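This report describes how the chains shown below are built and how they meet. It begins with terms and conventions and then turns to each chain.

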Amino acid sequence: MESAPVLQLNGITKSFPGVKSLDNVHFELRKGEVHALVGENGAGKSTLMKIIGGVYKPDEGEIVYRGQIVQWQSPQQARNSGISVIHQELKLAANLSIAENVLMGTDLPRSRFGFIRWDEINSRAKELLESIGSDLDPKRKVSTLSVAQQQIVEIARALSIRADVIIMDEPSATLTGKEIERLFALIRMLKARGVAIVYISHRMEEIFEISDRCTVLRDGQWIATKATKDTDAQELVRLMVGRDVSHIFNTVKTSYARTSETPLLETVGLSDGKRFADASLTLYPGEIVGISGLVGSGRSEFLLNLFGVTRAAAGEIRLAGKPVTLRSPRDAIRHGIALVPESRKEQALFLQLGVGENISVLKLGEAGRAGFIRRSAKEKLERDYREKLGIKTASLNTRIVNLSGGNQQKAIIARWLTIAPRVLLLDEPTRGVDVGAKEEIYSIIREMAASGLGIIVVSSDLPEILSIADRVYVMRQGRFVAELRDSAINQETIMLHATGGQVS
Amino acid sequence: MSANSTSIESAAGKRSSPLRLSGMLDKMGIFVVVIFICVLFAVLDENFLTWSNMMNMTRQTAINAILAAGMTFVILTGGIDLSVGAIVALSGVTGVYFTQYLPAPAAILIGIAVGGVAGYINGFLTAKSRLPAIIVTLGSMTYLRGIAYVVTGGYPLILTNSTFKNLGQGYLGPVPIPIIIMILVYAVFFVVLKYTVFGRNVYMIGGNPEAAHLTGIKVVPRMTGVYTISGICAGIAGIILAGRLLSGQPNVGSGYELDAIAAVVLGGTSLSGGVGTIFGSLFGALFMGVLSNGLTLLSVPYYWQLIIKGIVIVMAIYVDRLRQKNART
């Protein structure tokens, strides 16, 4: 019993400066189906979602909605036509009531004199909420609701505009097990009414429980659309990661041999009380440990905790066998821990200052007297590291904002090398870096490890992990779920653990 | 590989060349404008370009310039200090008050130190408790003014000490002492901002507070230091003003904070922090001084001067925003 497609995307292509985010993508959504959209981080899921929702206009291709070719001029137009997007970060007005939020996009009922009719608003919202089995009081303020309850408000809001298509972007990401069950019951109810649902999620068990079909995207391309009952987690993961082998970097990985029995860095049951828990990891001198996992799995938070940005709520950090307490980044730096953070521009660079100053910032006070900077020593240090890491810049006074991503990243790494750290934490070290500079950064990382540093690399880029990590931890929903070595380090195994595919 | 990187390099180089020109204009901008209006007023009024008028004008500018010097540090960190006007009054009355009991140098130092302490408290509250600077200093602007009234009981305190008076009215050779103090302040601050770790950290904290924190820069003490500097500058300005007025008056200095902020922004310092120079602020202050001096010479009524000054300030903020847009692309 195949129902007609309510929405069809044909040959959609969308480019952003420098990247083709979607390339000739096809997608079909039928009335009353739950269609899962899966793919790695950066596969193009959110771009596709934004095209359906009218946020972006496609460069090529057509959108057919209810049998007609449409061109959304704005998200409002898509919404008014019955396409509702429920974002991962819910977009409700926290200080208004549930009823106001539910009816926000509609014409509010008004009296003859143009005044708002509150009784009417509240009763209409109540009807909508009751129709999806919720007994929330429409007069309650949204800020008093849990995330799960806010999601119900979002769904009621989608129904208030009589949505035919609802796109849910990782709706379960912040829900508990019970709440997810309730969400699924609600989705089934919507399905029975003929609403079509695009369900974006990384969690295999959910995809297999709720979806009818799934479409796999990889590197912006349509890979496959399958009936969920005809496939399994292994196959989906293979489709998600199955890259061309030529894309993978030439691995000049030297086999790593432990030189010491004491780990350089060890965490035992570490938890920040929020984003990750019970994290135990070891790092030996000269070793490169990779941490893999989906975006939002708690990887970056783990690194920030090791760097003293957040406090440990439970567990212990040991450096060379001795427990340490890190209260601030300064503490961490004093212990010889360095962090190259995830977002260069926001967390590391002083964009308006020179390349040189960005390199020497940690050593500014050194060798000077009474707070004065010794310029000769400073400039020598900057020249040395510029040469050592091959940073290409017109001069050391050039503002760092004018450098390419790769050279900016090298400057940040140089910054940390000036203090001769023992442990180097790298969060997405080659994000936004061109291919050539990527290779250079890898060889810098390998060289540093060879000189005895312990290095932890967090990366969403699987080929990157494969080409530099000696050992890999996989994080899922705030926990390390696997520790892989040698031949177990491959894309399929990592993705299976990262998505929880093995559980299903 | 190397070919790849060089092409990126040259692309970046090409992109920055028009920016470099506007960057020059940024730095020179206010300087050029000051020269321009000086020439304009010199042509319009023969009295403008006389030594006595120049000295008079610069002396009147000195107080705003000194406040702007301290304010530059604060704005470079991305903050704001609304309390400097109140500190001018409090330091003045405190200094004059203590001349009754102590030798003048000690009384003067106490007056300045009171400004430093008030600034320290501003900085500590802003940095440690992460309250917005505008709220913290809005509060201190009010309570410090209150303290100034309490110290004097609401009346002016008459200043009789001649050393103290000289700071406001005296000359060193042909040059008024306030101008000499102003030049000293700017010379010291130029060195501090350019050649000390503290100074560079100020730019870093303002340019990217999160990166500053993640590179282990001592953000809280630095911020406290910055507001203390602003307080000390306001203290110095308060002493000079008391010397000039021959009395400590609790009601002086209101609105000075806004003139100082305007001078800093006119001088090219970005209100969002991280970008700016100390000499820019000096010329910003001079610009405002020249403007009101020239308009007065041309007998433009005071009310109209206010209107013109206000429009100029709004234009300055607008230019500031354009510049930031430029810097981002």
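## Terms and basis of the model

Helices (H or I, at least four residues) and strands (E, at least two) are DSSP runs, numbered from the N terminus. This is a predicted model, in which local features need pLDDT of at least 70 and side-chain atom pairs count only at pLDDT 80 or more, while totals for chains, interfaces and linings use all residues. Residues are numbered from 1 along each chain as its sequence is written, and chains are lettered from A and ligands numbered from 1 in the order in which they are written.

## Chain B as a whole

Chain B contains 13 helices and four strands. Of its 329 residues, 48% are buried, a residue being buried if 20 or more other C-beta atoms lie within 10 Å of its own, exposed if 12 or fewer, and partly exposed in between, with C-beta atoms placed from the backbone. Two residues are in contact if their C-beta atoms, placed from the backbone, lie within 7 Å. Among the contacts in chain B between residues at least 6 apart in sequence, 79% join residues at least 24 apart.

## Helix packing around H2 of chain B

Helix H2 (residues 51-76) of chain B packs against helix H12 (residues 278-297) of chain B at an angle of about 145°, with the two axes 8 Å apart. Axes here are lines fitted to C-alpha atoms, for helices over the stretch in contact, and angles run from 0 to 180 degrees between N-to-C directions. The crossing of H2(B) and H12(B) is right-handed; a crossing is left-handed if the near helix is turned anticlockwise from the far one by less than a right angle, and right-handed if clockwise. The residues that make this contact include B:Met57, B:Gln60, B:Asn64 and B:Ala68 of H2(B), together with B:Ser281, B:Ala285, B:Met288 and B:Asn293 of H12(B). By class, the contact has ten nonpolar, nine polar and no charged residues, where Ala, Val, Leu, Ile, Met, Phe, Trp, Tyr, Cys and Pro count as nonpolar, Asp, Glu, Lys and Arg as charged, and the others, Gly among them, as polar.

H2(B) also packs against helix H7 (residues 177-195) of chain B, at an angle of about 30° and with the axes 8 Å apart. That angle makes H2(B) roughly parallel to H7(B), given that angles under 35 degrees count as roughly parallel, over 145 as roughly antiparallel, 65 to 115 as roughly perpendicular and the rest as oblique. The crossing of H2(B) and H7(B) is left-handed. Among the residues that meet here are B:Arg59, B:Ala62 and B:Ile66 in H2(B), and B:Met182, B:Val185 and B:Phe189 in H7(B). The residues of this contact divide into eleven nonpolar, one polar and one charged.

## Sheets and hairpin of chain A

An open sheet of six strands in chain A has the order S16-S17-S18-S13-S19-S20, with mixed pairing; two strands pair if DSSP finds at least two bridges between them. Its edge strands, each pairing on one side only, are strand S16 (337-340) and strand S20 (479-485) of chain A. Neighbouring strands of this sheet are turned by 20° against each other on average, direction ignored. S16(A) and strand S17 (residues 423-427) of chain A pair in the parallel sense over four bridges, and A:Ile337 has A:Val423 in S17(A) as its bridge partner. Helix H17 (residues 491-499) of chain A lies across strand S13 (288-293), strand S19 (471-476) and S20 of chain A, running at about 30° to S19(A).

A further open sheet, of four strands with antiparallel pairing, has the order S12-S11-S14-S15 in chain A. Strand S12 (279-283) and strand S15 (322-324) of chain A are its edges, and neighbouring strands are turned by 25° against each other on average, direction ignored. Elsewhere, strand S4 (residues 60-65) of chain A pairs with strand S1 (residues 5-16) of chain A in the antiparallel sense over five bridges. S4(A) also pairs in the antiparallel sense with strand S5 (residues 68-70) of chain A, over three bridges. In the hairpin of S4(A) and S5(A), which has two residues between the strands, A:Arg66 takes a positive phi near 50°.

## Where the chains meet

In the interface, 25 residues of chain B are in contact with 30 residues of chain A. Helix H1 (2-44), helix H8 (197-207) and helix H9 (209-214) of chain B each supply at least two residues of the side of chain B that touches chain A, and H1(B) gives the most, with seven residues. By class, that side of chain B has eleven nonpolar, eleven polar and three charged residues.
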